[in-house]
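Trainee: I would like to learn how to read a protein structure, one feature at a time. Could we work through an example together?

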Amino acid sequence: KMVVAQEYRDTLLARSLDGVTLSVAGVGMIGLAVAERARALGMKILGYERSQESIDRAIQRLGEGNIEFVVDEEVLLRRADILTLHFDLNDSTQGWLNARRLKLLVEGKGDRRVVIANAARGPMVVEGDLLSFLGENKFVVMAADVRTDESDNRDMRLEELPSFIYTGHVASAVPEVRRAMQILQFNNTVAILNGEMPQNPI
């Protein structure tokens with residue numbers, strides 16, 4: 001169905017990604033794949049990563065000058081138009097996106113829109129801080145494929161906000177991805193049975 005009413009033409013305006021700054025928090029295999037796709041759309045890529053191996057791999061894949069790594073997370077946040085989370089979940093990343101870091105995302109940006117995406121792990125975000133933050137900042141939107149509590153009894157207040165989009169692990173709902181997951185699980189099982197290290201140890 002095509003929406004043609006003038007009022008929608010004037011209000012439902014998309015945003016060009018060319019020249020937009022994407023801050024990638026965690027440039028491992030998934031973060032790098034996101035950066036590669038974003039770079040193809042003309043986005044500026046900022047990376048924050050502690051593993052030198054991952055940094056070297058990203059520079060090799062994207063090319064010198066196509067990704068800028070920062071050592072200060074404040075720089076990553078202050079310069080972000082879009083922040084995407086791809087950290088591993090551990091003691092240092094649990095609760096990483098808290099009130100202090102959320103505030104840095106919008107400082108000095110006025111009415112410039114900021115987008116946050118989390119397709120990593122729910123507990124990286126302090127959801128109480130996020131709830132207050134989204135309620136106070138109308139120019140911020142968050143899309144999440146994960147939440148800290150994903151049970152039917154979870155706190156629904158975030159999902160009731162128009163600025164919060166929750167997709168509930170739908171990111172993998174593609175036949176090719178599901179097949180690849182099954183093959184990966186099979187190969188890992190075979191490796192373990194053969195006394196070998198699986199490709200994806202936990």
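**Reading burial, strands and cores**

Mentor: We can start with a single residue, keeping in mind that this is a predicted model: Ser163 has a relative accessible area of 13%, and because buried means under 20%, Ser163 counts as buried.

Trainee: Where in the chain is the place of Ser163, and with which residues is Ser163 in contact, leaving aside its neighbours within four places in sequence?

Mentor: Ser163 sits in the loop between S6 and strand S7 (164–166). Once its neighbours within four places in sequence are set aside, Ser163 is in contact with Leu134, Val140, Val141 and Met142.

Trainee: How should I read a strand, and how many of the five residues of strand S2 are buried?

Mentor: One looks at burial and then at the pairing partners. Four of the five residues of S2 (residues 44–48) are buried, so this strand is largely enclosed by the rest of the structure. S2 pairs with strand S1 (residues 21–25) in the parallel sense over five bridges, and within that pairing Leu46 of S2 is the bridge partner of Ser23.

Trainee: In which sense do S2 and strand S3 pair, and through which helix does the chain cross from S2 to S3?

Mentor: S2 and S3 (residues 68–69) pair in the parallel sense over two bridges, with Leu46 standing opposite Glu68 of S3. The chain goes from S2 to S3 through helix H3 (residues 52–62), and this β-α-β crossover is right-handed.

Trainee: What is the general idea for a helix, and which residues of helix H5 are buried?

Mentor: An α-helix has 3.6 residues a turn, so residues three or four places apart point the same way. In H5 (residues 99–106), the buried residues are Arg101, Leu102, Leu104, Leu105 and Val106. Their cover includes helix H4 (73–78), strand S4 (82–85), strand S5 (114–118), helix H6 (127–136) and strand S6 (140–144). After H5 comes Gly108, whose phi is positive, near 75°.

Trainee: How many residues has the largest nonpolar core?

Mentor: The largest nonpolar core has 30 residues, and those with the most contacts inside it include Leu105, Ile116 and Leu130. S2, H4, S4, H5, S5, H6 and S6 each supply at least two residues of this core. Another core, of 13 residues, lies apart from it and has Val24, Leu32, Ala38 and Ala58 among its members.

Definitions and conventions
Residues numbered from 1 in each chain as written. Predicted model: local features only at pLDDT ≥ 70, side-chain atom pairs only at ≥ 80, totals over all residues. Heavy atoms only, no water. Buried < 20%, exposed > 50% of the residue type's maximum accessible area, 1.4 Å probe, protein only. Contact = heavy atoms within 4.5 Å. Pairing = 2+ DSSP bridges. Right-handed = clockwise from strand over helix to strand, strands pointing away. Core = buried A, V, L, I, M, F, W, Y, C linked by side-chain atoms within 4.5 Å.
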